[in-house]
Amino acid sequence: MIPLRVSARYAFFSALATSFIGGLTAGLGQGFDLGTEWPGPVLTLFLKAVSGSFEPIHRFLTVLTSFLYIAVVVQAVRLRVKRILLLAGLALAFLFATAMTGRAVLLVLGGEIKPPLAFAVYPLNNSLALSAALTMALLWAYVTPQGTSARPTLFRGAAVWGFVASATGAYILGYHKIVKEPLQYSLIPSLSFEELPWALHLAAGFLATLLAVVAVALDSRRGFWHWAALLSALAQPATGIFMFFGASADPWAPGIQTAFHAAFAHLLVISAFVIYAKSRFGGRWTSPT
């Protein structure tokens, strides 16, 4: 049998890849390529994928990720360790909720869910996708000897502010897709009510990036999650600038940078929170996994 740490690792990267392809679908303006029909006939999905659409690929990856998550849950049930069972169950629940809100995104694009409720769908879907990957990453880290930190509070701050930046970014993009208006913000936001989400997004992104870079720099021993946090923190400003200009020109299809900006945002939150959790709660389950 495949060890649990291996299954959890595959499931985590599959979830991250699913989010990346979802961002690519949104960035290329292909989110409504199959209309509101979901999940859709397999042949139709396949033909649409062959024609160059990433929307069916996103759906195929969602199914694959679901099977991997279920496999992890089955292993967790066999092991009968409460913390592992809790993490596996939460991960699967978050993944299911992500799929349901993904369906809601299609209804928003089809005009079947109206504002103001429609404005909440994009950030909710994004936050649930992030939570699904995060809980699986925590499970993987729990059963694997991963690095801890001497500065867990800094990593916690990076994770919290990164989550805020990710949610507000999804709200901004979703809002402008729904109202079909390009971004009309400046890189230095005003304090007006209309630009409040944009100002919060920039401030949260800056704090998350700064805290992650400082935390990694202060740690003398660095593991996989440290390098993931550093890479994603450094990638955020660059991809964010390209994202800003892309969405300012066309919010419906702001470009492939959407996928990179979203994926690195998720990875920053995940890696920072995993380091914090390992440092704060410590320990490793030492039975065979």
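In the predicted model, helix α5 (residues 117–142) packs against helix α9 (residues 257–281) at an angle of about 40 degrees, and the two axes lie 9 Å apart. Axes here are lines fitted to C-alpha atoms, for helices over the stretch in contact, and angles run from 0 to 180 degrees between N-to-C directions. Helices are DSSP runs of H or I with at least four residues, strands are runs of E with at least two, and both are numbered from the N terminus. The angle makes α5 oblique to α9; angles under 35 degrees count as roughly parallel, over 145 as roughly antiparallel, 65 to 115 as roughly perpendicular and the rest as oblique. On the α5 side, the contact involves Asn126, Ala129, Leu130, Ala133, Leu134, Ala137, Leu138, Ala141 and Tyr142, which meet His266, Val269, Ile270, Phe273, Val274, Ala277 and Lys278 of α9. Contact means heavy atoms within 4.5 Å. By class, the residues of the contact of α5 with α9 are 13 nonpolar, 2 polar and 1 charged. Ala, Val, Leu, Ile, Met, Phe, Trp, Tyr, Cys and Pro count as nonpolar, Asp, Glu, Lys and Arg as charged, and the others, Gly among them, as polar.

Residues are numbered from 1 along each chain as its sequence is written. Because the model is predicted, local features need pLDDT of at least 70 and side-chain atom pairs count only at pLDDT 80 or more, while totals for chains, interfaces and linings use all residues, and side-chain values use heavy atoms, with hydrogens and water left out.

Helix α1 and helix α3 (residues 55–79) pack at an angle of about 160 degrees, with 9 Å between their axes. That angle makes α1 roughly antiparallel to α3, and the crossing is left-handed. Among the residues that α1 contributes to the contact are Leu4, Ala8, Ala11, Ala15, Thr18 and Ile21, and those from α3 include Ile57, Leu61, Leu64, Leu68, Val72 and Leu79. The contact of α1 with α3 comprises 14 nonpolar, 9 polar and 1 charged residues.

For α6 and α7, the axes come within 7 Å and cross at roughly 150 degrees. The two helices are therefore roughly antiparallel to each other. Their crossing is left-handed, and the contact of α6 with α7 has 20 nonpolar, 6 polar and no charged residues.

The structure holds 15 aromatic pairs, a pair being two rings of Phe, Tyr or Trp (its six-membered ring) with centres within 6.5 Å; planes under 30 degrees apart count as stacked, over 60 as edge-to-face and the rest as tilted. The rings of Phe12 and Trp140 have centres 5.9 Å apart and planes at 35 degrees, so this pair is tilted. Phe12 lies in helix α1 (residues 4–27) and Trp140 in helix α5, so the pair ties together parts that are 128 residues apart in sequence. Phe12 is buried, with 0% relative accessibility, and Trp140 is also buried, at 6%; buried means under 20% relative accessible area, exposed over 50% and partly exposed in between (1.4 Å probe, protein chains only). Phe12 and Trp140 belong to one aromatic cluster that includes Phe13, Phe224 and Trp225.

Most residues other than glycine have a negative phi, and most peptide bonds are trans. The peptide bond from Pro115 to Pro116 is cis, with omega near 5 degrees. Pro115 is partly exposed, with a relative accessible area of 43%, and its C-alpha is 25 Å from that of Leu95, 20 residues away in sequence. Arg80, in the loop between α3 and α4, has a positive phi of about 60 degrees although it is not a glycine; Arg80 is exposed, at 72% relative accessible area. Lys180 likewise has a positive phi of about 60 degrees. Lys180 is placed in the loop between α6 (152–179) and α7 (196–218) and is exposed, at 69% relative accessibility.

Ser248 is located in helix α8 (residues 224–249) and counts as partly exposed at 22% relative accessibility. Ser248 and Glu181 are 67 residues apart in sequence, with a C-alpha to C-alpha separation of 8.6 Å. Not counting residues up to four places away in sequence, Ser248 touches Pro182 and Leu183.

Conventions:
Left-handed = near helix turned anticlockwise from the far one by under 90°.
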